[in-house]
Amino acid sequence: MHMATKKQNTPPSAYRVFVSSTYTDMLSYRDAIRTAVNKADCIPYGMERFGATSVPPIETCYEELASSQIYICAIGMRYGSIDKDSKKSYTQLEYEKAKELGLPILAFLVDEDKVEFKAKDIDRGEAGVKLDQFKSEIKDSKEVTCSFFD
């Protein structure tokens, strides 16, 4: 007797999208990104979903990146929290790890001519210099095409 194979009607699993940016200055943009990702039937992941853990924050970021299929970064006017070992921001380290993992990267830089930030949300000095270098790295990348947001 010939048994027919049952076709499973399981929907494909949703892409897991790692959302990276500084936090308090970018809350409204992170909300917009999460909304867009959800509308695309994907699951946004980012620091909002990290719980309390005894693992160092950068390791948690790397673990989340490793289980993601897409990486989105939105870069505003702050370099962000600095990892004490590398002296780089968590956002930059996440970007570098996403490249290392070969994840598709969607990079968005603020259109500085169209967006106004509060003075407290603009890094100057050493952090401002590092931010400018990081933005240049993204803009000059041969692997990533960035877009601008307002």
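Buried here denotes under 20% relative accessible area, exposed over 50%, and partly exposed the range in between, with a 1.4 Å probe and protein chains only. Because 6 of the 6 residues of E3 (residues 70-75) are buried, the strand is largely enclosed by the rest of the structure.

Ile70 lies in E3 and is buried, with a relative accessible area of 17%. Neighbours within four places in sequence aside, Ile70 is in contact with Tyr15, Arg16, Val17, Phe18, Leu103, Pro104 and Leu106, where contact means heavy atoms within 4.5 Å. The C-alpha atoms of Ile70 and Met26 are separated by 20 Å, the two residues being 44 residues apart along the chain.

## Basis of the model

This is a predicted model, in which local features need pLDDT of at least 70 and side-chain atom pairs count only at pLDDT 80 or more, while totals for chains, interfaces and linings use all residues. Residues are numbered from 1 along each chain as its sequence is written, and side-chain values use heavy atoms, with hydrogens and water left out.

## Overall composition

The secondary structure of the chain comprises 4 helices and 5 strands, in the order β-α-β-α-β-α-β-α-β from the N terminus. Helices (H or I, at least four residues) and strands (E, at least two) are DSSP runs numbered from the N terminus. The C-alpha trace spans about 75 × 35 × 30 Å along its principal axes.

Of the 150 residues in the chain, 40% are buried. Among contacts between residues at least 6 apart in sequence, 77% join residues at least 24 apart.

## Strand pairing and crossovers

Strands are taken to pair if DSSP finds at least two bridges between them. Strand E1 (residues 16-20) runs parallel to E3 and is joined to E3 by 4 bridges, with Phe18 opposite Tyr71 in E3. E3 also pairs with E4 in the parallel sense, over 5 bridges, and Ala74 stands opposite Phe108 in E4. E3, helix H3 (residues 90-101) and E4 form a right-handed β-α-β unit. Right-handed means that, with the strands pointing away from the viewer, the path from the first strand over the helix to the second runs clockwise.

Strand E4 (residues 105-110) is in turn joined by 4 bridges to strand E5 (residues 146-149), and the two run parallel. Ala107 stands opposite Cys146 in E5. The chain passes from E4 through helix H4 (residues 125-139) to E5, and this β-α-β crossover is right-handed.

## Loop residues with positive phi

Most residues other than glycine have a negative phi. Asp41, in the loop between helix H1 (27-39) and strand E2 (43-45), has a positive phi near 60°. At 62% relative accessibility, Asp41 counts as exposed.

Lys87 is not a glycine either, and its phi is positive at about 65°. This residue is placed in the loop between E3 and H3. Lys87 is partly exposed, with a relative accessible area of 48%.
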